[in-house]
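Please open the structure in your viewer and keep the selection panel at hand.

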Amino acid sequence: MSFPLLTLYGLGFICAQAIRVHTLHEAALSCLLTTSTSRRQFLLKLMAVTLGISLIVPNTLTVLLLLPLLSTMDSPRASDQQLRNTASAFQGDNSEYTATLTLGVIYAANLGSVGSLIGSPANAL
């Protein structure tokens, strides 16, 4: 019984690394940032996306897939200078806001996993 779960989590880790390597998280972040007008709206949109993904993917993997997106908010890399400029348009300390976003994503993933048996493999047992 544990082999399918290990395969599922292993493939999730591989997908998370593929997202990070191919910078798909930067495209998703720029889309969310351009459609949001405030910090609260950005947080709610990110939580809604997380909840939707968590309905069809286990919640642990959902958070793992969104961690590259969250780490971009604090990233000092030059390649995402435009994203950081857009993110800094939201006034305030970005490190505190990143912690808020991380907790919001975790909470939304837990809510989404309750919505289906697939969301949390423990629910299927």
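A helix is here a DSSP run of type H or I with at least four residues, and helices are numbered from the N terminus. The model shown is predicted.

Begin with the entire chain in cartoon view. Seven helices and zero strands make up its secondary structure, giving the pattern α-α-α-α-α-α-α along the sequence. Next, display the contacts: of those with a separation of 6 or more, 74% join residues 24 or more positions apart. Switch to a surface view, where the chain exposes about 7,200 Å², with carbon and sulfur atoms supplying 69% of that area. Of the 125 residues, 36% count as buried.

Now select residues 24–35, which form helix 2. This helix has twelve residues and reaches 17 Å from its first C-alpha to its last, close to the 16 Å expected at 1.5 Å a residue. Show the side chains of His 25, Glu 26, Leu 29, Leu 32 and Leu 33, which are buried. These residues lie on the same side of helix 2, because they cover an arc of only 130° around the axis.

Then select Leu 51, Leu 55, Ile 56, Tyr 107 and Leu 111, which make a nonpolar surface patch of about 470 Å². Helix 3 (39–56) and helix 6 (94–114) each supply at least two residues of this patch, and helix 3 gives the most, with three.

Finally, centre on Tyr 107, located in helix 6. Is Tyr 107 buried or exposed? Its relative accessibility is 51%, and the cut-off for exposed is over 50%, so Tyr 107 counts as exposed.

How values were computed:
Residues numbered from 1 in each chain as written. Predicted model: local features only at pLDDT ≥ 70, side-chain atom pairs only at ≥ 80, totals over all residues. Heavy atoms only, no water. Buried < 20%, exposed > 50% of the residue type's maximum accessible area, 1.4 Å probe, protein only. Contact = heavy atoms within 4.5 Å. Areas by Shrake-Rupley, 256 points an atom, 1.4 Å probe, with all protein chains shown as cover. Expected span 1.5 Å × (residues − 1). Arc of directions from axis to C-beta. Patch = residues over 30% accessible without salt bridge, like charges linked within 9 Å, V, L, I, M, F, W, Y side chains within 5 Å. Salt bridge = Lys/Arg side-chain N within 4 Å of Asp/Glu carboxyl O.
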